[in-house]
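I opened the model to look up two things.

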Amino acid sequence: MGTDQQKSERLAHPDEQARRARPSVAGSKRVQRAHAPSADAEDAPAQRSAAAEEAPDEAEAKAARVLVGRADAQEHGGWKQAPRKAAADQRYIPLWNDEAGAHPRITRRLFIGGVAACMLAAGAFGVTAWRRSLPITITVNGQAVELSEQRTLQGAIDAAGIAPAPGNLVDIAGEIAQEGGGTPFQATIDGVACTDANAAVSDGAVLTIADGSDVEEPSTIEDKTVGPNPVEHGYGPIHAVESQGASGISTVKTGAVSGKEVVVEVIEPAADRVYRRSYPDTGGEAVIALTFDDGPWDASTAAILDILRDNGARATFFTVGNRIAGAGIDAVKRAHAEGHQVCTHTWDHAAGSGKSVSLALMTPEEQREEIERGCQAIADVVGEEASRVIRAPGGNFPLEVWRNVEDLVEADIGWDIDTLDWKRPGAEVIASRIKAATPGDIILMHDGGGDRSQTAEALKTALPFLKEKGFRFATIDEMLAYPRKDL
């Protein structure tokens, strides 16, 4: 019902009545054509010509209707509804307008050009992608190799079947710190060195691949106080520091991984600390040193002390610290009181990690403890600081041990004659070895570590013999007072 009412209102509107009253040229012609009699076939060309003439008239009528509708809307200031045909004409906007100067719309040529450009770009991209999908040929170590997908240095290595061995990480002294810690490979691309495994490889490239190279550990360089440098030389039973040396200043390179140090440049030279092995030079004087290890021992030490007393001989006892207990305390006190020198042979003869034979097998802390506790055991008995002369178990006193304990030790004492009495070869054999002594000799025997009755019996015959030859028996401290010599 509302629709019929709206239609009636539009028909009643004055402008609508006026518009309907206007003559329509095109409409009149269409009516005339509708009622005109049919033309013969021979009049067809004339009809087509007439239709062509009518087309411009119809376009002009259409434009006139649009203008009238717009004028009516403006004149009545908000007329509710414009003619439907005019609204439809206003909403239609063509995609292009060849009269580009009059209307800001894209022209037909511009549109066609844009589409063509897009097609060309797509084609170029497709060609490029197609070409990249084709394999390329390169030369690796003189052999032709094809690459299809991974066109990188690593892809070339894999395609060529090469397995380069990585280099090593070396310390600043040139020794291996980490196997395989160097560069993974050495390579060139067209003669240019390359270390990037992801570097691009192009068609026709020439590559060389080789094993990786060694890389030196990171390091720092600084001026440091160095030395004195430890130097060991000579041969003989007396091991002592001959020269303390002096520090110097050098430019030092320190490895961040190994901790090693290498002197790059000496600014002020250091004086060497000399660890010397030598013999006492008695100048021909018939003096020898009798030494006894591994005591105190319950019966043996006392028996040997009796024989020494009876022959007016003094000796040096290298005691084992944990043996200075019970009767051992009395033996040490007596030896010290009778003018013998009491020194340490370590606390427990380097037992445990030292396997009772070598301080060198022990940690630096254990080495120091062996000497400190051995000396303390003596000091506790004699009431004074123990001698700083020692004898290392097994005679093993390498430079690394020496440097670690040198503040605790004045000298380490070896021997010239080993009687091998601990094997108990018989008193006569032991005695013959003692009698073979020459001026300056240091003789090794044992008062502990087992039954030493053969040693005691040997002394009963050997000491009177040597006394008759004019020999005097001195302590180690007395022997150290003589000048030193090398043989």
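I took a cavity as a set of points, on a 1 Å grid over the protein atoms alone, where a 1.4 Å probe fits but cannot get out. Grid points are joined across faces, edges and corners, and a volume is the space filled by probe spheres set on the points.

The model is predicted, so local features need pLDDT of at least 70 and side-chain atom pairs pLDDT 80 or more, while totals for chains, interfaces and linings use all residues. Numbering starts from 1 along each chain as its sequence is written, and side-chain values use heavy atoms, without hydrogens and water.

**Cavities.** I searched the whole structure and found two cavities of 30 Å³ or more. I listed its lining (residues with an atom within 4 Å of a point). Among the lining residues are P296, T301, F317 and D447. Helices here are DSSP runs of H or I, at least four residues, and strands are runs of E, at least two, numbered from the N terminus. By class, I noted six nonpolar, two polar and one charged residues in the lining of the second largest cavity.

**Sheet.** Five strands form an open, mixed sheet in the order β2-β1-β7-β5-β6. Pairing requires at least two DSSP bridges between two strands. β2 (143-147) and β6 (192-194) are at the edges with a single partner strand each, so one side of each lacks a neighbour in the sheet. β5 (residues 185-189) pairs with β6 in the antiparallel sense over three bridges. I checked T188: its bridge partner in β6 is A193.

How values were computed
1 Å grid on protein atoms, 1.4 Å probe; cavity = no way out; pocket = protein on both sides within 12 Å on 5 of 7 lines; lining within 4 Å. Nonpolar A, V, L, I, M, F, W, Y, C, P; charged D, E, K, R; others polar.
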